[in-house]
Amino acid sequence: QVQLVESGGGLVESGGSLTLSCTVSGSIFSIYAMTWYRQAPGKQRELVAGIGSGGSTTYSNSVKGRFTIARNNTKNTIYLQMNSLKPEDTAVYYCNADIRVMTGEVLSSWGQGTQVTVST
């Protein structure tokens, strides 16, 4: 059993910056890909950025050049540095991780989300 906890959300002015964190805890054997998603009211949940176990990254076109994803394997944590924020970035941001637990299963696990609000 594992847990994912996001933090770092809040209210920021347009053009400002925020850094989100997601920490995984529990009976972890290894963590593979980790991904940030977001969901705004009335819209489908969308991929924001992902990072593989080897450090490869992917970004949605809407955030490319503004957001950076990174991971700290020692801390079982990923980060999303968000710069030049726009009102359309307003959403609940969710962390997802593919995790092999000690008993051998691979779980696709989600955090509870953290709210990011960018003022107009």
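**The sheet and one buried serine**

Analyst: Four strands form an open sheet in the order S1-S3-S8-S7, with antiparallel pairing. S1 and S7 stand at the edges with a single partner strand each, so one side of each has no neighbour in the sheet. On average, neighbouring strands of this sheet are turned by 15° against each other, direction ignored; axes here are lines fitted to C-alpha atoms, for helices over the stretch in contact, and angles run from 0 to 180 degrees between N-to-C directions. This is a predicted model, in which local features need pLDDT of at least 70 and side-chain atom pairs count only at pLDDT 80 or more, while totals for chains, interfaces and linings use all residues. Residues are numbered from 1 along each chain as its sequence is written, and side-chain values use heavy atoms, with hydrogens and water left out.

User: How many bridges join S1 to strand S3?

Analyst: In general, strands (E, at least two residues) and helices (H or I, at least four) are DSSP runs numbered from the N terminus, and two strands pair if DSSP finds at least two bridges between them. Here, S1 and S3 (residues 18-26) run antiparallel and are joined by six bridges. Serine 7 stands opposite serine 21 in S3, and valine 5 has threonine 23 of S3 as its bridge partner.

User: Which residues of strand S1 are on its covered face, and which on the uncovered one?

Analyst: In S1 (residues 2-7), Val2, Leu4 and Glu6 make up the covered face, whereas Gln3, Val5 and Ser7 belong to the uncovered one.

User: Which residue is the bridge partner of leucine 20 in S8?

Analyst: The partner is leucine 80. S3 and S8 (residues 77-82) run antiparallel, with six bridges between them. S8 also pairs with S7 (residues 67-72) in the antiparallel sense over six bridges, and phenylalanine 67 stands opposite methionine 82 in S8. S7 and S8 form a hairpin with four residues between them, and asparagine 76 in the turn has a positive phi of about 50°.

User: Does serine 30 count as buried or exposed?

Analyst: Buried means under 20% relative accessible area, exposed over 50%, and partly exposed in between (1.4 Å probe, protein chains only). Serine 30, in strand S4 (residues 28-39), counts as buried because its relative accessibility is 18%.

User: What is serine 30 in contact with, leaving aside its neighbours within four places in sequence?

Analyst: Contact means heavy atoms within 4.5 Å. With those neighbours left aside, serine 30 is in contact with Asp98, Ile99 and Arg100.
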